[in-house]
Amino acid sequence: MEIHAKQTRPDDQNRANRARMLISCPDGPGIVAAVSHFLHQHGANIVQSDQYTMDPAGGMFFMRIEFDLPQLGSNLAKLEADFAEVAARFKMEWSLSAVSRKKRLAIFVSKEDHCLVELLWQWQAGDLDADIALVVSNHLDMKDYVESFGIPYHHIPVTADTKKEAEQRQLEVIGDDVDVIILARYMQIISPMFIEHYRNRIINIHHSFLPAFVGGKPYAQAYNRGVKIIGATAHYVTEELDGGPIIEQDVQRVSHGDNVPELKRIGRTIERVVLARAVKWHVEDRVLVHENKTVVF
């Protein structure tokens, strides 16, 4: 019998001592030098660094750094406290997190299952480095399937008359330890009150026909117009319906020979892939939001 050893990725060996830092600030000289010098002074080794400047003359600067620091668990709090002085000097918005602390996801779904199934598959395969804390739905269709993964399923019906109460119940079951909410084809409009609780932490997916084909039956509308490209958009949810900062998009060419069911099939495939990418990038701290745009490293 042939036995294959489990392949260990190089970063797995240092995962316990690896951290990520995200930085947004007005651009100016000395930012990279100050951050690098700070980490060097504290004994950290930078293993990856990405940066982007919108406009060197008065624009915004964005940076993502991964670094290893021995005994990170006991040193992280001090590192945060000490970095506050550097952050204040450059007027930074910043975050620092340990890679070993997986983000907790709440997935919202209605009846269409393709996006949810993709996320569950990637999570089960170990390709989505996060914990799925729970699934919330206004229908019971996916209950047995979700619970077969050992994931709690909360059925919270929503009507026009009970929307406020339903959202309050959703906030209660989510609790205080969910990092991001995924709308995996959840067919309800999220209220401003709910959005405020999770600013830039609610990710939605939809077809990319907007704003051309608004309302019901977008694929039928697209078919009737003879579209040649269809796609999907994943974005953060804001008070502007389907108008939040875009994280990822993709498209596929179609032809006159593709009927409405075929367009829907192609659209579902793109939606699940695009949403999974957006979620993966978010949980890996690769997305920085500035106004209504994103920088994705």
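In this predicted model, Glu 167 makes contact with Ile 189, Ile 190, Ser 191, Met 193 and Phe 194, once its neighbours within four places in sequence are set aside. The residue belongs to helix α6, which spans residues 163–174. Glu 167 is buried but takes part in no salt bridge. The nearest side chain of opposite charge is that of Lys 163, at 4.1 Å, and a salt bridge is counted only within 4 Å.

Glu 284 sits in the loop between α9 and β12 (287–290). With a relative accessibility of 14%, Glu 284 counts as buried, because the cut-off for that class is under 20%. Beyond its neighbours within four places in sequence, Glu 284 is in contact with Arg 20 and Arg 64. Arg 64 turns up again in the strand pairing: it is the bridge partner, in β3, of Asp 50.

That pairing is part of an open sheet of 4 strands, ordered β2-β3-β1-β4 and paired in the antiparallel sense. The edges are taken by β2 (45–53) and β4 (93–98); each has a single partner strand, so one side of each lacks a neighbour in the sheet. On average, and with direction ignored, neighbouring strands here are turned by 10 degrees against each other. Between β2 and β3 (residues 60–68), which run antiparallel, there are 8 bridges. Gln 51 is placed opposite Met 63 of β3. The two strands make a hairpin with 6 residues between them, and in its turn Gly 58 has a positive phi of about 85 degrees. Helix α2 (residues 31–41) lies across β1 (18–26), β2 and β3, and runs at about 20 degrees to β3.

Gln 71 is exposed, with 56% relative accessible area.

The other sheet to be described has 7 strands in the order β7-β6-β5-β8-β9-β10-β11; it is open, and its pairing is mixed. Here β7 (153–155) and β11 (246–253) are the edge strands, each with a single partner, so one side of each is left without a neighbour in the sheet. Neighbouring strands are turned against each other by 20 degrees on average, direction ignored. Helix α4 (residues 114–125) packs on this sheet and touches β5, β6, β8 (180–183) and β9, with its direction at about 155 degrees to that of β6. Helix α9 lies across β5, β6, β8, β9, β10 and β11, and runs at about 150 degrees to β11.

Within this sheet, β5 (residues 103–109) has 6 of its 7 residues buried, so the strand is largely enclosed by the rest of the structure. Strand β5 runs parallel to β6 (residues 130–137), and 7 bridges join the two. Lys 103 stands opposite Ala 130 of β6. By contrast in direction, β9 and β10 pair in the antiparallel sense, over 5 bridges. Asn 204 has His 235 in β10 as its bridge partner.

Lys 217 counts as exposed, at 68% relative accessibility. In α8 itself (residues 218–225), Pro 218, Tyr 219 and Ala 222 are buried. Viewed down the axis of α8, the buried residues fall within an arc of 95 degrees, so they line one face of the helix. Just after α8, Gly 226 adopts a positive phi of about 70 degrees.

How values were computed:
Residues numbered from 1 in each chain as written. Predicted model: local features only at pLDDT ≥ 70, side-chain atom pairs only at ≥ 80, totals over all residues. Heavy atoms only, no water. Buried < 20%, exposed > 50% of the residue type's maximum accessible area, 1.4 Å probe, protein only. Lys, Arg positive; Asp, Glu negative; His and termini not counted. Contact = heavy atoms within 4.5 Å. Arc of directions from axis to C-beta. Pairing = 2+ DSSP bridges. Axes fitted to C-alpha atoms, helices over the stretch in contact; angles between N-to-C directions.
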